[in-house]
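Subject: Structure handover

Hi,

Please look through it alongside the notes.

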Amino acid sequence: MACILHNFLPNAKNSNMVKPLLLSLFIGLSISSFSMRKKKQLEMIENCKIVYNGNGILAGNSMNSWMQFDLNNGETVYSNKGCKLGFKDFKIKIWGSGKQTWRSKRRLQLKSFYNAIHDPYIHIKASMIERPDVKFEMAIPINFNGHFSLGFNARTGSDGTAGRRGSKGHCGKADFSRGNGENGYWGDRGGSGRDGYHGRSADRVNVYLTMVDFPRDNTELVKVEACYTNGKCWTRYIGQSGSIKIHNNGGNGGDGGKGGVGGNGGRGGDGAFATPRTEDNPGCDREGWGGNGGRGGDGGYGGNGGDGGNGGDVYIYYEERARFFTDQVKVYNSGGNGGSAGRGGAAGKGGNAGRGGKGCGNRGGSGNCGNRGRAGNHGQSGHVYFKVWK
């Protein structure tokens, strides 16, 4: 290698070739070194497994996991801490009450199902592609002692659209030979903003609380079934120290649209100026006033805010054994907020005055700003009722 460099260095032209050569050699050596280190780790593996934080995963939640490799020299390395091996070196099968949501060389993300009571595990089976003898099978337990939430909130109303801007007034015509310039035209009024749409009112929701056996932990879980009156239901299984929130708020009203800006007034036309006569030009012996500028258009009215929807009623039916859990059901069913009032449109500016031999016209006055719309009314809160069931 030293001989090769010696032949290149004395010549400036050859020195320009050294850098690409060194870079290529460096990349080649790095790749070769990486491959050797990976092969060495591959040969040293005694066993491996997936590791994660905690003692399991809460039903319906996601978790990150990593690969742990135990080497025959007593060292332990991990896929998320610079190890040369990882999940992409394995064939992985996942079944049971969960699924894979994301996977890279260093990390595997899993998500558990809510209704995992009958098979409360995420099962994983993996084998290394290059060393099929390196394999493992494990089950990640799913637990239910957590805090859950169900949302039935009604839809928010859409905002009103802004009003159209008023058109500018036409400019007055000039009159350079006969007298006064024409007055500018008024700007058009801005369009009114559209009213915001009303928020939807939430529907009634029925919640049923029952106790069910959970053989794996030799205990019982609370089964929470929340249903619309049309029969569509959502189910959660919760440990006795857990809780659940039911959200059944009315939708917020949409904001009113802003009023359109008034159009600017047109410019006044120029009047005549006296000019001297010459042989080639008869001239003008009359003078006139410049035209007045047009008045600016009024701003459009702001749109009204939409009314908030009403919160939905929630009926909680419980069997006697589940009475204790009624204190752990939190209901949020307030009315939606009314939408904000749309702002009035700005006034159009007055047109400039025209000029003339006798003097300028008057500048046009500005229009009036549009009125602000009305804010929407807030919706009413729903009620909560508890009833013994069965």
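Below is what was found in it, topic by topic.

This is a predicted model, in which local features need pLDDT of at least 70, side-chain atom pairs count only at pLDDT 80 or more, and totals for chains, interfaces and linings use all residues. Residues are numbered from 1 along each chain as its sequence is written, and side-chain values use heavy atoms, with hydrogens and water left out.

Confidence

The mean pLDDT of the protein chain is 88; pLDDT is the predictor's confidence in each residue, from 0 to 100. A value of 70 or more is reached by 88% of the residues. Where pLDDT is low, the predicted coordinates should not be read in detail.

Disulfide and cysteines

There is one disulfide in the structure, a disulfide being a pair of cysteine sulfur atoms within 2.5 Å. C227 and C233 form it, with their sulfur atoms 2.0 Å apart. The link is right-handed, with 110° about the S-S bond.

Buried means under 20% relative accessible area, exposed over 50%, and partly exposed in between (1.4 Å probe, protein chains only). C227 counts as buried because its relative accessibility is 6%. C233 is at 32%, so it counts as partly exposed. As for other cysteines, C171 is partly exposed at 45%, and C369 counts as exposed at 56%.

Helices (H or I, at least four residues) and strands (E, at least two) are DSSP runs, numbered from the N terminus. Two strands pair if DSSP finds at least two bridges between them. Strand β12 (residues 219-228) pairs with strand β13 (residues 233-238) in the antiparallel sense, over six bridges. C227 stands opposite C233 in β13. The two strands β12 and β13 form a hairpin with four residues between them. In the turn, G231 has a positive phi of about 100°.

Open sheet

Four strands form an open sheet with mixed pairing, in the order β2-β9-β8-β5. Its edge strands, β2 (57-58) and β5 (90-96), each pair on one side only. β5 and strand β8 (residues 121-128) run antiparallel and are joined by seven bridges. K91 stands opposite S127 in β8.

Aromatic rings

The structure holds twelve aromatic pairs. Rings of Phe, Tyr and Trp (its six-membered ring) pair if their centres lie within 6.5 Å; planes under 30 degrees apart count as stacked, over 60 as edge-to-face and the rest as tilted. One of the pairs is Y208 with Y317, which is stacked at 5.4 Å centre to centre and 15° between the planes. This pair links distant parts of the chain: Y208 is in strand β11 (residues 205-214) and Y317 in strand β15 (residues 314-318), 109 residues apart. Both Y208 and Y317 are buried.

Charges over rings

A charge sits over a ring if NZ of Lys or CZ of Arg is within 6 Å of the ring centre and within 35 degrees of the ring normal. The charged end of R236 sits over the ring of Y114, 3.5 Å from its centre. K93 lies over the face of W95, 5.3 Å from the ring centre.

Best regards
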